[in-house]
Amino acid sequence: MYDVVIVGAGPVGLFLACELGLAGCSVLVLEREPALRSPWKADPLGMRGLSAASVAAFHRRGMLHRLLTASGVDDDSGTDSGAGSDADSGIDRPSPPRSAGHFAGVMLDPADIDVTALPFRLPGPASEGVLTTLEAVGTTLSERAAGLGVEVEHGVTVSGVTQDGQSVVVRGGGRTYTARWLVGCDGGRSTVRGLAGFDFVGSEPQFTGYVMLATVAGPEKLRPGFNLTPTGMYLHMPAKDYIGVLDCDGGAFDRSQRPTREHLQTVLRRVSGTDVTLGDVRLVSTFTDRAMQTTTYRRGRILLAGDAAHIHSPLGAQGLNLGIGDAMNLGWKLAATVHGHAPDGLLDTYTLERRPVGASALDWTRAQAAAMKPDPHGQAVQHVIRDLIGTRDGTTYVFLRASGATIRYDLGGEHPLVGRDAPDLRLADGTRLADLMHDGRGVVLDFTAERSLHGPAARRERRLRYAAGPARNDLGLGAVLVRPDGTVAWATTDRRPGHTEFEQTVDRWFGAPDPGLRGAL
């Protein structure tokens, strides 16, 4: 029997498998597709933007260098990307991001982002997003998973799932697999979600989207880049024969059928307002902005993550980042449950924390779809959006929402950093918080002279790492407790913090002291 079976070997399933493997769980991943490589995962069809939070997840597990190499990105993971002019003086200060994205096709200018509004942002290797491909992400995670002893079986289509109070039985490919837990990471048309009976609710689509590799006769008729038009939007990358189109048809196209070249040409002409002619269409796929979410992410011993739990349009590049956030949040909690040292209710906090984040992402994409409607109402909204994004406050707000920088779990606690993604604090000796998290444990950073938090942390040293000393920029903190997923669970500005609240928070997230260390220190 495996500890966990994961269905789906995409980025979310593999990231979760790595988290569980790192924690010493036995993991099997079942994937329907026969192989990892596919033109849909390579450039340009597989291009994806990782947010700074997702890049930080790779950084915290020691995978950033490999990801950047696989992505063909210059590796500055050992430097301070995003460092301000004071970086050489020994003080870490942030500077504006180098790219900022768009809202409903309206591009953001990074120079208009107010850096002082970025919550607790510090420069570092993971302070910027990264443009990558699904292939690069998959290769990086597959290599790590193999090194951690994770088993992956390709070409297995799941056909049945049953569970009782002790285990889950998965049937697929003529075989039966048994595990203590099952996680469906098998995409927007999740088989696990349907077989396990999760309720999937939301809103119907406003548009049909098309992505294709195709040649064009007279490519100069199509403007390169993002182009918002009165009838939709199109994206043209002529050097790569890439065309993306959003057609505001109410999602009317029958996506069970492969669109013909004639249909694609008709749609492209209507949306672009040109008489462009398509040539050879090598690959094409369709999507909609249907926005749906399960009412819970757990039913008994079956959980969902990524698109299996929530689907929406790709506007704003939310999907991959949302799924990696799910995997990071779930991995350590499920591992603690497997090993029997999870505090009561820990696994249930996965739904409590991640479902609101998913709901917010769905609303963000719905808002963009509404702004792109080709009617007087949608066009009026577009004008308002352009005016707002033309201001510093408007650009900053959109960037913070789209980048995930505003995500804050409701964990209680008075300090405004609690519930947020931890900044990459760096000790005076150059050690970063991310460096301390490679083994998947939580971290206590103690900047006080007395080192008074060492005892409570040391009693859970198998789950919690303690580090102390002055920091290059401690953001005014006296100490901070960071969960394995990078979330700040407790923080204080007190240079002589009391133990009570700290120990209660440690108990809440990390459980009782390790056996044999209860009375130590």
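Predicted model: local features only at pLDDT ≥ 70, side-chain atom pairs only at ≥ 80, totals over all residues.
**Exercise 1. The nonpolar cores**

Find which residues touch the most other members of the largest nonpolar core.

*Solution.* Define the set. A nonpolar core joins buried Ala, Val, Leu, Ile, Met, Phe, Trp, Tyr and Cys residues through side-chain atoms within 4.5 Å. Buried means under 20% relative accessible area, exposed over 50%, and partly exposed in between (1.4 Å probe, protein chains only).

The largest core holds 65 residues. I6, F15, L20, F58, L182, V183 and L334 touch the most other members. Helix α7 (residues 319–339) gives the most to this core, with 8 residues. Another core, of 38 residues, lies apart from it; L122, L453, A479 and W490 are among its members. In soluble globular proteins, nonpolar side chains tend to be buried together.

**Exercise 2. The overall fold**

Compare the radius of gyration with that of a compact globule.

*Solution.* The radius is taken over C-alpha atoms, and the globule rule is 2.2 Å times the number of residues to the power 0.38. For 521 residues, the rule gives a value near 24 Å. The protein has 24 Å, which agrees. Next, the extent: the C-alpha trace spans about 75 × 60 × 40 Å along its principal axes. Then the interior: buried residues make up 53% of the 521. Finally, count elements. There are 12 helices and 24 strands. Both are DSSP runs numbered from the N terminus: helices are H or I with at least four residues, strands E with at least two.

**Exercise 3. An enclosed helix**

Is helix α2 (residues 52–60) largely enclosed or open?

*Solution.* 7 of its 9 residues are buried, so α2 is largely enclosed by the rest of the structure. The buried residues are S54, V55, A56, A57, F58, H59 and R60. Their cover includes α1 (11–22), β3 (47–50), α3 (64–71), β6 (130–133), α4 (134–147) and α7. Just after α2, G62 takes a positive phi of about 75 degrees.

**Exercise 4. F510**

Place F510 in the fold and state its burial.

*Solution.* F510 lies in helix α12 (residues 500–510). Its relative accessibility is 3%, so F510 counts as buried. Its contacts include H341, P343, G442, R460 and R483. F510 and R483 are 27 residues apart in sequence, and their C-alpha atoms are 8.7 Å apart.

**Exercise 5. Backbone exceptions**

*Solution.* Most residues other than glycine have a negative phi, and most peptide bonds are trans. P44 sits in the loop between β2 (27–31) and β3.

At 3% relative accessibility, A104 counts as buried.

At 27% relative accessibility, L475 counts as partly exposed.

Note on methods:
Residues numbered from 1 in each chain as written. Heavy atoms only, no water. Contact = heavy atoms within 4.5 Å. Lists of a residue's contacts leave out its neighbours within four places in sequence.
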